[in-house]
Amino acid sequence: MSLSNWFAAALVLVGVGGVALTSVWAGEPEGARVERGRFLVTAMGCNDCHTPLALGPNGPAPDMTRMLSGHPEGLVMPPAPALPEGPWGVIASHTLTAWNGPWGTSFTANLTPDEETGLGKWTEDEFVATLKTGRHLGRGRQILPPMPWQNAAQVPDEDLRAMFAFLRTIPAVKNHVPQPLPPASVR
Ligand code: HEC
């Protein structure tokens with residue numbers, strides 16, 4: 001075969017490979033989907049706020065025994081201290097799971113599959129709708145900062161579905177996260 005024929009054959013193979021990949025995507029095996037979800041959840045930094053930080057030998061680190069279980073229910077937060085006149089505007093617990101700013105106080109959600117306190121009863125569609133609209137279950141109250149749902153809303157539905165598939169596989173942690181509190185000025 002001449003060099004140009006090799007090249008043509010290679011192009012055909014790449015083309016066929018592309019088609020094959022597309023069809024794998026359409027009916028992707030569950031393991032690959034979960035693995036993609038794990039990659040996305042990790043790379044998009046969901047652990048940064050949804051896994052409590054604990055003090056370890058190398059300083060604060062995500063406590064993976066409580067992976068993605070949100071603000072620990074045992075850590076009852078006193079009212080947030082008033083901040084001096086700007087430019088400081090936000091304050092957080094040492095776990096980085098409770099946040100106070102002009103929106104009030106928000107607590108990071110439990111993303112584990114626990115039925116009562118986590119996403120156990122959520123459907124895949126509700127998860128996607130939440131991240132696309134910035135509303136609880138896609139139809140409830142508005143989600144407060146610093147949840148970066150506007151970033152997640154850019155992610156294709158298929159990838160959000162993969163993230164949900166991964167979240168289904170992590171250990172369920174029973175941890176009841178408190179409701180957000182309004183700003184002190186309107187309390
Ligand atoms: C900078 C911190 C931060 C990061 C990073 C973050 N979250 Fe959140 N998330 C929050 C906070 C705070 C809340 C609670 C907001 C509220 O109560 O309104 C929340 C709430 C949620 C909720 C619950 C919404 C509801 O209606 O109950 C889901 C689902 C969620 N986050 C998923 C994710 C996923 C998936 C990622 C990674 C792509 C992520 N979060 C990254 C802070 C964060």
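Predicted model: local features only at pLDDT ≥ 70, side-chain atom pairs only at ≥ 80, totals over all residues.

Biologist: Which residues come nearest to the ligand?

Modeller: They are C46, C49, H136, L144 and M147, out of 21 residues around the ligand.

Biologist: And which helix gives the largest share of that shell?

Modeller: Helix α3, residues 46-50, provides the largest share, with four residues.

Biologist: What classes of residue make up the shell around the ligand?

Modeller: The shell has 14 nonpolar residues, together with six polar residues and one charged residue.

Biologist: Now the strands. How do strands of a sheet pair in general?

Modeller: They pair through backbone hydrogen bonds, and the arrangement is either parallel or antiparallel.

Biologist: Then do β1 and β2 run parallel or antiparallel?

Modeller: Strand β1 (residues 53-56) and strand β2 (residues 59-62) run antiparallel, and four bridges join them.

Biologist: Which residue in β2 is the bridge partner of G56?

Modeller: The partner of G56 is G59.

Biologist: What is the order of the strands in the open sheet?

Modeller: Its three strands are ordered β3-β4-β5, with antiparallel pairing. The edge strands are β3 (91-92) and β5 (104-107), each of which pairs on one side only.

Biologist: How many bridges are there between β3 and β4?

Modeller: There are two bridges between β3 and strand β4, residues 98-101.

Conventions. Residues numbered from 1 in each chain as written. Near = placed C-beta within 6 Å. Nonpolar A, V, L, I, M, F, W, Y, C, P; charged D, E, K, R; others polar. Pairing = 2+ DSSP bridges.
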